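Please look through the sequence and the 3D structure below before reading on. The paragraphs after it go through selected features one at a time.

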Amino acid sequence: MIRNLNNKTKAVYAPADKAGAAVEKEKPAPLYAKQIKIHPKRVWGVFRKLKWVAMIALLGFYYIAPWFRWDRGPGIPDQALLIDISAQRAYFLWIEIWPQEVYYITGILILAALGLFLATALFGRVWCGFACPQTVWTDLYVWVERIIEGDRAARIRLDKAPYSKDKIFKRVIKHFIWLYIALLTGGAWIMYFVDAPTFISDLFFKGEITANSLFFIGMFTVTTYLLAGFGREQVCTYMCPWPRIQGSMTDEDSMIVTYETWRGEPRAKPARDGDYSERGHCIDCGNCVVVCPMGIDIRDGNQLECIGCGLCIDACDNIMEKLKLPKGLIAYDSVNRQIARSDGKAVKRKLVRPRTIFYAILLTLVTGIILYTFGTRQHLEVNILKDRQPVFVTLKDGSIRNGYEVKILNKTQHLRSFLLNIEGLQNPSMKLSGATEQTRSIVIEVQPDDVKAVHVFIAVPREELKSDKTEITFSFVEMDPGYSDGSLDILNELRENQKHQTTFNGPKK
């Protein structure tokens, strides 16, 4: 059998059978391709500048954001961005999200996904090339590597050189800085879940750290170090599902990194006389390949591994400028624009098309739903659960009593009082569990940012019941708590009255 392995023809034969004839046996293909270490060359240009800006902005926000303060009043965390696991709250500037409102988080994730779909349909893998954490931290690690070990040629020579004091010293320094960056990454991540100043004070001045914090710092340190330092392009190619999904998000009008084959081919060495009229503009210098962090050749067409970072565009434009040829041999362009350009037709950028309209409509719809639900969100939640056993109780005086578990969730930072009345029954009386006196109404106080659970018993004379199941309504009327510290105005804006229907069970007639 003749097989092609790595562009080398190789015959594989099994031992001869009893008749002496050779029996072909195919050698199994390896399950994993061996990683070929990529040393991207330094390049400068528009896209490299954009990557620097994106990296500095994103890393700066990541490390600084936990230190932003937002005054929410006494007794409430003043960290602008905080997911407080112990208190079961999420704080985003002025927004406070309770565990019961996890649907807001779901909505934000859906919004982010739709935004990514729209961005991909318009501009290709712009997320992968500029904003993905794997790209950002890998860029930072490569920059550290280049500072210590030199540019591409120097790093390749160092890899091939035997170990010496100089090589060991450079490697130790590089890995030490990598680990330090990874440790800062894990430490910054923890500060999104605990108060940042308190965490730093406890860690460095008191030597205190919880087991959970230590675990997550260690996990993010190890994963950052391994993925950004060693995984690099392998993460994008084999671990990340997005390269396989994004193909369905793009079309012939999406802006992607492309090579103008019609203009670049056939390739040849630089023309000494500067005449490129009878040949392509590509001089096959390979600069577009050696600067690529994924190690691919964009001239082979759009590929799964391409993250759309545009560094090959910068490299090619630099060469074209030296040769005094038009830039854009490799460009951030759409397939249809390139076809039009090759045919000498008018080149148009088609951003509005069915695909982008569909994503934009979904994005607007989800945004509208989130804003509406947030704008109409209530600062009071009441849940009523009827006792199942016993269904009802007959008292000594013949009255029928039902029990209900009432939970009132106060989402404000103020004490709130509610007057509970029952509608739908004639001459009802109520009392709280443990109380001795029955009344026509009950006052329930709920502490700020708290849940109050009470057990309410409702009794009614048997003769007043017309059937074995009566529809009743729990009416909660918010009362004036009598504040005098100026917070009453705020409470008045949030004052809420609610009614909740349930049933009252009695004996069958």
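This is a predicted model, in which local features need pLDDT of at least 70, side-chain atom pairs count only at pLDDT 80 or more, and totals for chains, interfaces and linings use all residues. Residues are numbered from 1 along each chain as its sequence is written, and side-chain values use heavy atoms, with hydrogens and water left out.

Begin with Ile357, which is found in helix α15 (residues 354-375). Helices (H or I, at least four residues) and strands (E, at least two) are DSSP runs, numbered from the N terminus. Ile357 is partly exposed, with a relative accessible area of 40%. Buried means under 20% relative accessible area, exposed means over 50%, and partly exposed is in between (1.4 Å probe, protein chains only). Together with Phe123, Leu351, Val352 and Ile361, Ile357 makes a nonpolar surface patch of about 450 Å². Patches are made of residues with over 30% relative accessible area and no salt bridge; like charges are joined within 9 Å, and nonpolar side chains (Val, Leu, Ile, Met, Phe, Trp, Tyr) within 5 Å. Accessible areas come from the Shrake-Rupley method with a 1.4 Å probe, and for residues only the protein chains shown count as cover.

Lys51 sits in helix α1 (residues 46-64). Is Lys51 buried or exposed? Lys51 counts as buried, at 3% relative accessibility. Its side chain reaches the backbone oxygen of Gly129 at 2.8 Å, a polar contact (a pair of N or O atoms within 3.5 Å; within protein, one must be able to donate a hydrogen and the other to accept it, and residues adjacent in sequence count only if both atoms are side-chain atoms).

Now turn to strands β5 (residues 81-84) and β6 (residues 89-92), which pair in the antiparallel sense over four bridges. Two strands pair if DSSP finds at least two bridges between them. Ile83 has Ala90 in β6 as its bridge partner. The two strands β5 and β6 form a hairpin with four residues between them, and Gln88 in the turn has a positive phi of about 55 degrees. Leu93, in the loop between β6 and β7 (95-97), has a positive phi of about 55 degrees although it is not a glycine.

Two cis peptide bonds can be found in loops. One runs from Glu265 to Pro266, with omega near -5 degrees; Pro266 is in the loop between α11 (261-264) and α12 (287-290). Another joins Gln389 and Pro390, with omega about -10 degrees, and Pro390 lies in the loop between β10 (380-386) and β11 (393-394).

Charged side chains come last. A salt bridge is a side-chain nitrogen of Lys or Arg within 4 Å of a carboxyl oxygen of Asp or Glu, and by this rule the count comes to 33. In one of them, Asp251 and Arg353 have their closest N and O atoms 3.0 Å apart. Asp251 lies in the loop between α10 (242-245) and β8 (256-259) and Arg353 in the loop between α14 (335-342) and α15, so the pair ties together parts that are 102 residues apart in sequence. Arg416 forms a salt bridge with Glu478, with the closest N and O atoms 2.8 Å apart. Because Arg416 lies in strand β13 (residues 416-423) and Glu478 in strand β17 (residues 469-479), this pair ties together parts that are 62 residues apart in sequence. Both Arg416 and Glu478 are buried.
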